[in-house]
Amino acid sequence: MRLHEYQAKQVFADAGIPTPASQLAETVNEAVDAAEEIGYPVAIKAQVHVGGRGKAGGIKLVESKEEAREAAEDIIGMDLKGYHVSKVLVEEAVDFVNELYVGVTMDRGEGRPVAMVSTKGGVNIEEVAEEDPDAIAREHIDPAFGMHPFQARKVVYEAGVDREVANDVASVLTTLYQLWDDRDGADTEINPLMITSDDEVIAADAVMNVDGDALFRQPEIAEMGEEAAEGDELEQKADEYGFDYVRLDGNVGIIGNGAGLVMTTLDLVDYYDGEPANFLDVGGGAKADRIANALDMVFSDENVDSVVFNIFGGITRGDEVANGINQALEQFDEIPKPVTVRLAGTNAEEGMEILNEDLVTVEHTLEDAVQRAVEYAKEVEA
Amino acid sequence: MSVLVDEDTRIVVQGITGGEGKFHTEQMLEYGTNVVAGAVPGRGGQEVAGVPVFDTVQGAAREADANAAVVFVPPAFAGDACFEALDAKGIDLVVAITEGIPTQDMARVYRKLQETDTHLVGPNCPGVITPGVAKLGILPGNIFSEGNVGLVSRSGTLTYQVVDNLTNRGIGQSTAIGIGGDPIIGTDFIGALEQFEADPDTHAVVMCGEIGGEDEEEAARYIGEHMDTPVAGFIAGRTAPPGKRMGHAGAIVSGSGTGTAQSKITALEDNGVPVGDTPEEVADHVEDLL
């Protein structure tokens with residue numbers, strides 16, 4: 001779960017990481033007032049989860065009241081790579097001589113956290129990682145002990161950070177690791193960490209991604225995350241229902257259990273010349289109401305012409321799935337889109353007996369079910 | 001023969017009094033698995049499905065001679081449950097079924113794992129089954145059949161699908177290991193492949209991977225360099241658009257080409273592993289390999 005920049009900055013500032021003076025604004029007037037109060041130059045920054053905001057026109061540097069108004073009018077309400085901008089952060093523009101990258105994340109290959117520092121800050125760090133991996137100094141952290149102060153110093157010196165500011169940067173990194181650790185961070189980054197001509201270090205941006213599985217013990221972050229929720233109506237609905245859902249461009253709606261099997265179903269739809277409309281994983285052990293919610297989701301997507309259910313029960317039980325499908329479909333006088341069902345695994349036979357075959361088409365193999373769903377979709381299109 | 005489990009595997013179920021714990025204990029028993037104990041703090045002395053419950057895993061290991069643990073504990077407490085199993089003397093296999101364990105908890109479990117000789121399978125996995133002998137976890141027993149094909153997969157339901165395709169044409173399995181789709185897991189592809197390579201009764205292996213991470217690429221290199229047992233492969237997520245996360249923590253395609261289905265398929269094929277376009281085609285490949 002990703003926080004907005006203004007939220008992440010608040011978390012960082014509360015922990016003692018220096019951040020520029022800033023105010024959140026939701027209207028043009030609020031933005032102009034904030035700019036006047038902070039004093040020019042200020043940056044006006046769209047608060048949306050989009051990379052490369054600056055290039056896309058979502059960040060503007062302004063020197064006067066007129067420019068501030070113009071920039072706020074441009075940015076508030078704009079559509080930034082598909083996301084509606086409803087909030088901007090008005091922030092003191094820091095006069096810097098250097099920009100660093102500082103980050104903490106989980107190295108899944110090593111199974112351990114890793115702290116990273118680079119003097120190539122202020123640019124897309126993924127590109128740096130790819131083109132010049134040696135430009136990023138890395139230090140793996142033993143999660144049992146946490147980050148020792150010497151490790152923070154070591155990685156800072158290895159990155160080639162100027163001696164005058166090395167201790168302050170190490171201190172920021174130590175705090176960042178502690179935050180990552182305390183708040184169940186996934187990726188926690190400052191890019192850029194600016195160095196001023198007075199050798200001050202200031203976090204000019206803030207990224208805080210938190211492990212969604214750990215939100216039960218991070219109530220404050222969870223609350224911020226609700227505020228930060230974005231995406232189209234269907235994606236928000238999926239969040240509410242708690243599904244892993246990704247909308248795609250096609251017209252065959254797909255519901256299954258288990259990420260690998262659902263992806264395989266997508267691949268098979270494509271293999272049989274159909275076009276998947278979505279990825280929807282109901283997860284393990286789904287009960288009837290969850291299945292009904294999944295159908296509601298896919299029916300809500302107007303691009304969908306046909307739906308295929310692919311359930312291979314392990315912890316999920318076929319009878320529960322069948323009950324959910326019946327429940328969801330019995331509400332309709334006429335089924336909105338043809339539904340093809342393939343049930344296998346735990347309690348699949350019981351499920352097959354329960355399924356109302358007036359409402360759905362039953363197929364016995366994955367291949368048959370996918371082909372049937374693709375045919376239905378083609379019939380609707382024709 | 002088999003890997004990880006055999007006739008002598010004696011299981012303690014952690015979280016046996018919960019809904020899933022109880023249901024799947026019954027299923028495991030029905031399959032003929034030797035479930036000898038449950039472990040739930042505060043429930044020592046009770047019985048579930050005829051199985052005695054202990055307050056601690058250590059108690060179950062000591063009193064009931066349990067030597068393998070299966071974790072059905074809810075995510076908030078599952079990291080601790082894994083620690084308890086790793087800490088218990090006599091437990092040399094831990095299978096963690098629980099989905100949604102915080103990653104930082106797993107990082108600490110993984111750290112502890114490096115200090116022990118215990119095998120950890122999972123978390124967020126369907127478990128391990130040796131058909132006809134034992135199943136530890138939630139895999140539907142009826143689709144498996146005894147034989148000599150080993151299976152390793154990051155996805156539970158995909159494992160079932162491929163097994164179904166194999167069983168339907170009379171190809172049995174030696175052991176199937178669902179290693180789980182989380183960012184941090186115990187036994188990985190290479191760990192499972194090592195086991196199969198060393199097992200004289202596994203004559204071919206199926207490896208099911210998916211987009212995200214580089215574990216499949218590393219496994220492909222391992223196969224090329226170290227394995228005599230033939231391997232067939234399957235990779236899920238060919239149609240996944242870049243930058244989107246598809247369920248499993250690992251199943252995200254970066255824009256840069258690493259971790260994509262194509263990079264995994266190429267790595268496997270370059271190391272002599274035929275990769276099926278569909279689960280049915282995987283079974284074709286296995287037939288050719290045997």
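User: Which residue is the bridge partner of B:Val48 in S4(B)?

Analyst: The model is a predicted one. Strand S3 (residues 47-48) of chain B pairs with S4(B) in the antiparallel sense, over two bridges. Within S4(B), the residue that partners B:Val48 is B:Val51.

User: Which residue in the turn of the hairpin formed by S3(B) and S4(B) has a positive phi?

Analyst: S3(B) and S4(B) form a hairpin, and two residues lie between them. One residue in the turn has a positive phi of about 50°, namely B:Ala49.

User: In which sense do S2(B) and S4(B) pair, parallel or antiparallel?

Analyst: Strands of a sheet can pair in either sense, through backbone hydrogen bonds. Here two bridges link strand S2 (residues 35-39) of chain B with strand S4 (residues 51-54) of chain B. The sense of the pairing between S2(B) and S4(B) is parallel.

User: Which residue of S2(B) is the bridge partner of B:Ile11?

Analyst: Strand S1 (residues 11-14) of chain B runs parallel to S2(B), and four bridges join them. In S2(B), B:Ile11 has as its bridge partner B:Val35.

User: Which strands are the edge strands of the open sheet of seven strands in chain B?

Analyst: The order of this sheet in chain B is S3-S4-S2-S1-S5-S6-S7, with mixed pairing. An edge strand here pairs on one side only. The edge strands are therefore S3 and strand S7 (119-121) of chain B.

User: At what angle to S2(B) does helix H2 of chain B run?

Analyst: Helix H2 comprises residues 57-64 of chain B and lies across S1, S2 and S4 of that chain. Its angle to S2(B) is about 150°.

User: What is the average twist from one strand to the next in the open sheet of six strands in chain B?

Analyst: This sheet of chain B has the order S9-S8-S11-S10-S12-S13, and its pairing is mixed. Its edge strands are strand S9 (134-137) and strand S13 (231-236) of chain B. From one strand to the next, the twist averages 15°.

User: Is A:Leu248 buried or exposed?

Analyst: A:Leu248 is found in the loop between strand S13 (244-247) and strand S14 (252-256) of chain A. Its relative accessible area is 12%, and the cut-off for burial is under 20%. Because 12% falls under that cut-off, A:Leu248 is buried.

User: Which residue of chain B is in contact with A:Leu248?

Analyst: Neighbours within four places in sequence are left aside here. The contacts of A:Leu248 in chain A include A:Leu266, A:Pro276 and A:Phe279. From chain B, the residue in contact is B:Pro241.

User: What percentage of the residues in chain A is buried?

Analyst: The secondary structure of chain A consists of 13 helices and 18 strands. The chain has 382 residues, and the buried share of them is 55%.

How values were computed. Residues are numbered from 1 along each chain as its sequence is written. Chains are lettered from A and ligands numbered from 1 in the order in which they are written. This is a predicted model: local features need pLDDT of at least 70, side-chain atom pairs count only at pLDDT 80 or more; totals for chains, interfaces and linings use all residues. Side-chain values use heavy atoms; hydrogens and water are left out. Buried means under 20% relative accessible area, exposed over 50%, partly exposed in between (1.4 Å probe, protein chains only). Contact means heavy atoms within 4.5 Å. Axes are lines fitted to C-alpha atoms, for helices over the stretch in contact, and angles run from 0 to 180 degrees between N-to-C directions.
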